[in-house]
Amino acid sequence: MSADAHPTLPPVRLHSEAELARDALVAPLFARAVRLARWATPGTPVGPGGELLADRLPEAARLLGLADDADGTAYAGEAWRVAVDTGLIEVTDAEDIEAGDPGAEVVADDGLPEAFGVAGPGDDLALVTGGAPGDVLDLWLAALDAVLADAAVPDLDDLVEALDAGGEIDFTRLDWNPQREADFLDGVLANLYLLTVAEGGAGAGPVPLPVLAASMVVPDGMAEPSNEVLEQVSDAMMRLDDQFRQLEPIGLVEFKPVDEELMAEADDEELLPEPDDEDVSRYGMVRLTPLGLYGIRARMLEAGVEAPAIGDLADKGADALLDTVAGYPEDAAQAEIEQWFEGRELPAAVADLLAAARGADAGGPLRRLRCQQALATAGPAAEPVVRAVLDDPELGGLARVWLAERGTGDVPAPSEAMVFWLTVDTIAAQLADDGESDELPALMESLTAHHTGFFATAWRVEHPATAQVLEAMGRLHPDRKSAKEARKAAFKARSRQSSGA
């Protein structure tokens, strides 16, 4: 999974390790792998690749309750491979088996190829019931890696068609590049993860398969995809339909496949929704499960991608908290702040937050906005600490707002200089948080409405963002006269800044 595709992602809300471990244990494919590992007796003969021999597959299918399924033996073979790949089953090659070991007489039988070995329960099987939740999740992640590797391989029919005269796979005929296919699937899952954690990490609904396929194929900025690109999107959809069918049993996704009738109707044409097609779900829908979110994030972290999770900052200082959540969506920032407060003495935590909120750097306004957001959850015990900064030129306005919102008495009126400084700081924070949002003009009008001659004074405010804020007000203020005054004030502020006056 490339670290370049999404160098920084919004924070994700993860379930607890205990909940995720329970989800892993009931994921159908992982549960089957565990059952086969418990069923395998030491000395069970296996093929050259550690696979269960064909004459044992029906018995394994019966054990898994798949005897009546036409694909039961195939599912049993898949579960066995996963058990081997995760260490739930340990394979010993024939040449490593010593006399007296379980199965030694089997591999010595002339009727079996010398390459055969034996298998039995692996040491890691004990972790399923005796390990911590993290141990179970490590086993599940290993199983996920194995399933993802299988999902990137072409289906059997394509492989058979690509065999050359010598029985080797002709990759040029197959048009299959293993690394390219693995990268494609990683990219799809990264995009699905991003769509899930965007907008605060709610992951409210499944993603239509055409949307996910288009995210991988349609070039950025292409308004009207060409017929060639649409054909590529359709091909990608069908690949994803097959791959997500393979990934659902490991618990990674919830998947509604493409409607079989649609595939039959499409024939050789592109399988894409028509503009007037109201039921887009017929074209496939996919959603990462909570376990899937955990798994894809773990793979991203391993690849060097910055993929934060709510709670990552719980043991960090107030400065790290405010600096980091400054870049979070508001609801994600609130969730992180609430976790940060847990287990801390409230007065000391509030004092740390206020100290961290200070600063004349470019990030200061947004830190103070997040600090104000954090203090909104603080109770009466915070009042003495907040009152202690009433005279602070950077925090005094914030403190007054907090006290006023709680209806506390004896709050001194702010000086005019503090009012103007707080106005500039508030708008600078909003610009840093949401950019030039639709709500910002109304905020600007509200903040300046009660100050006659606001712009005649504002350009003198000793705040590093004064000129930037006035320029933004010149573009966005809903009153044309005020906007013109703001542009003049911004020019004065820039001139004053450049002269050092």
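Student: Which residues gather in a patch of positive charge on the surface?

Tutor: Bearing in mind that this is a predicted model, the residues that gather in a patch of positive charge on the surface are R460, R480, K484, R487, K488 and K492. To take one of them, K488 has its place in helix α25, which runs over residues 480-499.

Student: Is K488 buried or exposed?

Tutor: K488 counts as exposed, because its relative accessibility is 51% and the cut-off for that class is over 50%.

Student: And which residues form a negative surface patch?

Tutor: That patch is formed by E330, D434, D438 and E439. Of these, E439 lies in the loop between α21 (416-434) and α22 (440-448), and with a relative accessible area of 56% E439 is exposed.

Student: OK, switching to paired charges. How many salt bridges does a search of the whole structure find?

Tutor: The search finds 23 salt bridges in the whole structure.

Student: What does E181 form a salt bridge with?

Tutor: The partner of E181 is R239, and the closest N and O atoms of this salt bridge are 2.9 Å apart. The pair links distant parts of the chain, since E181 is in helix α10 and R239 is in helix α12 (residues 227-247), 58 residues apart.

Student: Why is E181 called buried?

Tutor: E181 counts as buried because its relative accessibility is 11%, and the buried class is under 20%.

Student: What about E436, which residue does it form a salt bridge with?

Tutor: E436 forms a salt bridge with R475, where the closest N and O atoms are 2.4 Å apart. E436 lies in the loop between α21 and α22, while R475 is in helix α24 (residues 466-476), so the pair ties together parts that are 39 residues apart in sequence. As for accessibility, E436 is partly exposed at a relative accessible area of 44%, whereas R475 counts as exposed at 53% relative accessibility.

Student: And which residues do salt bridges that share partners join into one network?

Tutor: Salt bridges with shared partners join D145, D186 and R299 into one network.

Student: What does E59 meet in a salt bridge?

Tutor: The side chain of E59 meets that of R56 in a salt bridge, at 3.3 Å from N to O. E59 itself counts as partly exposed, at 32% relative accessibility.

Student: Which residues in α2 are buried?

Tutor: The buried residues in α2 are L29, F30, A33, V34, L36, A37 and W39. An α-helix has 3.6 residues a turn, so residues three or four places apart point the same way.

Student: Now contacts between residues separated in sequence. What separates the C-alpha atoms of D315 and W340?

Tutor: Their C-alpha atoms are separated by 7.2 Å, with the two residues 25 residues apart along the chain. D315 lies in the loop between α14 (290-302) and α15 (318-325), and D315 counts as exposed at 62% relative accessibility.

Student: And where does A182 lie?

Tutor: A182 lies in helix α10, residues 178-201, and at 26% relative accessibility A182 counts as partly exposed. The C-alpha atoms of A182 and V153 are separated by 8.6 Å, although these residues are 29 residues apart along the chain.

Student: How many residues apart in sequence are V211 and M237?

Tutor: V211 and M237 are 26 residues apart in sequence, and their C-alpha atoms are 9.2 Å apart in space. V211 has its place in helix α11 (residues 209-217) and is partly exposed, with a relative accessible area of 43%.

Student: Last one, on the backbone. What is phi of D410 near?

Tutor: Phi of D410 is near 60°, which is a positive value in a residue other than glycine. D410 is found in the loop between α20 (396-405) and α21, and D410 counts as exposed at 69% relative accessibility.

Terms used: Residues are numbered from 1 along each chain as its sequence is written. This is a predicted model: local features need pLDDT of at least 70, side-chain atom pairs count only at pLDDT 80 or more; totals for chains, interfaces and linings use all residues. Side-chain values use heavy atoms; hydrogens and water are left out. Patches are made of residues with over 30% relative accessible area and no salt bridge: like charges are joined within 9 Å, nonpolar side chains (Val, Leu, Ile, Met, Phe, Trp, Tyr) within 5 Å. Accessible areas come from the Shrake-Rupley method with a 1.4 Å probe; for residues, only the protein chains shown count as cover. A salt bridge is a side-chain nitrogen of Lys or Arg within 4 Å of a carboxyl oxygen of Asp or Glu. Lys and Arg count as positive and Asp and Glu as negative; His and the chain ends are not counted. The place of a charge is taken as NZ of Lys, CZ of Arg, CG of Asp or CD of Glu. Helices (H or I, at least four residues) and strands (E, at least two) are DSSP runs, numbered from the N terminus. Buried means under 20% relative accessible area, exposed over 50%, partly exposed in between (1.4 Å probe, protein chains only).
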